[in-house]
Amino acid sequence: GVLDKEVVVGTMGTLYGVGEEGLAAVVSGEFTPLSAYAFMAMSLIYVPCVATVAAIWRETNWKWTLLTIGYTSGLGWLVAVIIFQVGSLFT
C-alpha cells in the first residue's frame with residue numbers, strides 16, 4: 001500500500017492466491033468486522049504513497065519527510081489500536 005494505496009485489496013488477492021471472486025470469502029475468514037475497520041483506518045492514515053513522500057522531500061527537506069512518515073505511521077497505528085480496543089469493549 002505504500003507504493004500506491006489503491007492496490008491494497010489487489011495485493012491481498014495476490015497474497016492469498018485468489019481472484020477477485022474468491023477474495024471476499026478469504027477476507028471474511030481472516031478479518032472480523034472490528035479488525036477490518038481497524039485495518040481500513042490504518043490503511044487510510046499511514047504513510048502516504050511514494051509519490052507524495054517524494055514531493056514532500058523535493059519541496060521541503062529530509063527532516064520534514066521523515067517527520068511525515070513517522071507521524072502518519074504512528075497516528076495510523078494509534079487510531080487503529082483505539083478503534084480495535086474500544087470496539088472490543090462492545091463485543
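Where is the place of Ala55? Ala55 sits in helix α4. The points below set that helix in its context.

1. **Basis.** This is a predicted model: local features need pLDDT of at least 70, side-chain atom pairs count only at pLDDT 80 or more, and totals for chains, interfaces and linings use all residues. Residues are numbered from 1 along each chain as its sequence is written, and side-chain values use heavy atoms, with hydrogens and water left out.

2. **Elements.** The chain has five helices and zero strands. From the N terminus on, the order is α-α-α-α-α. Helices (H or I, at least four residues) and strands (E, at least two) are DSSP runs, numbered from the N terminus.

3. **Overall dimensions.** The radius of gyration of the chain is 16 Å, whereas a compact globule of 91 residues would have one near 12 Å. That radius is taken over C-alpha atoms, and the globule rule is 2.2 Å times the number of residues to the power 0.38. Along its principal axes, the C-alpha trace spans about 45 × 35 × 15 Å.

4. **Surface and burial.** Of the 91 residues, 21% count as buried. Buried means under 20% relative accessible area, exposed over 50%, and partly exposed in between (1.4 Å probe, protein chains only).

5. **Contacts along the chain.** Take the contacts in the chain with a separation of 6 or more: residues 24 or more positions apart account for 68% of them. Contact means heavy atoms within 4.5 Å.

6. **The α4 and α5 pair.** Two packed helices are described by the angle between their axes and the distance between the axes. Here the axes of helix α4 (residues 50–59) and helix α5 (residues 62–90) come within 7 Å and cross at roughly 150 degrees. Axes are lines fitted to C-alpha atoms, for helices over the stretch in contact, and angles run from 0 to 180 degrees between N-to-C directions. The crossing is right-handed. A crossing is left-handed if the near helix is turned anticlockwise from the far one by less than a right angle, and right-handed if clockwise.

7. **Who meets whom.** From α4 come Val53, Ile56 and Trp57; from α5 come Trp62, Trp64, Thr65, Thr68 and Ile69. By class, this contact has six nonpolar, two polar and no charged residues. Ala, Val, Leu, Ile, Met, Phe, Trp, Tyr, Cys and Pro count as nonpolar, Asp, Glu, Lys and Arg as charged, and the others, Gly among them, as polar.

8. **Ala55 again.** Ala55 counts as partly exposed because its relative accessibility is 21%. Ala55 and Thr65 are 10 residues apart in sequence, and their C-alpha atoms are 9.1 Å apart.

9. **Two threonines of α5.** Thr68 lies in helix α5. With a relative accessible area of 19%, Thr68 is buried. Leaving aside neighbours within four places in sequence, Thr68 is in contact with Pro48 and Ile56. Thr72 also lies in α5, and counts as buried at 15% relative accessibility. Not counting residues up to four places away in sequence, Thr72 touches Ile45, Tyr46, Val47 and Pro48. Thr72 and Ile45 are 27 residues apart in sequence and 6.1 Å apart, C-alpha to C-alpha.

10. **Val8.** Val8 is in helix α1 (residues 8–16). Its relative accessible area is 16%, so Val8 is buried. Val8 and Ser43 are 35 residues apart in sequence, with 8.1 Å between their C-alpha atoms.
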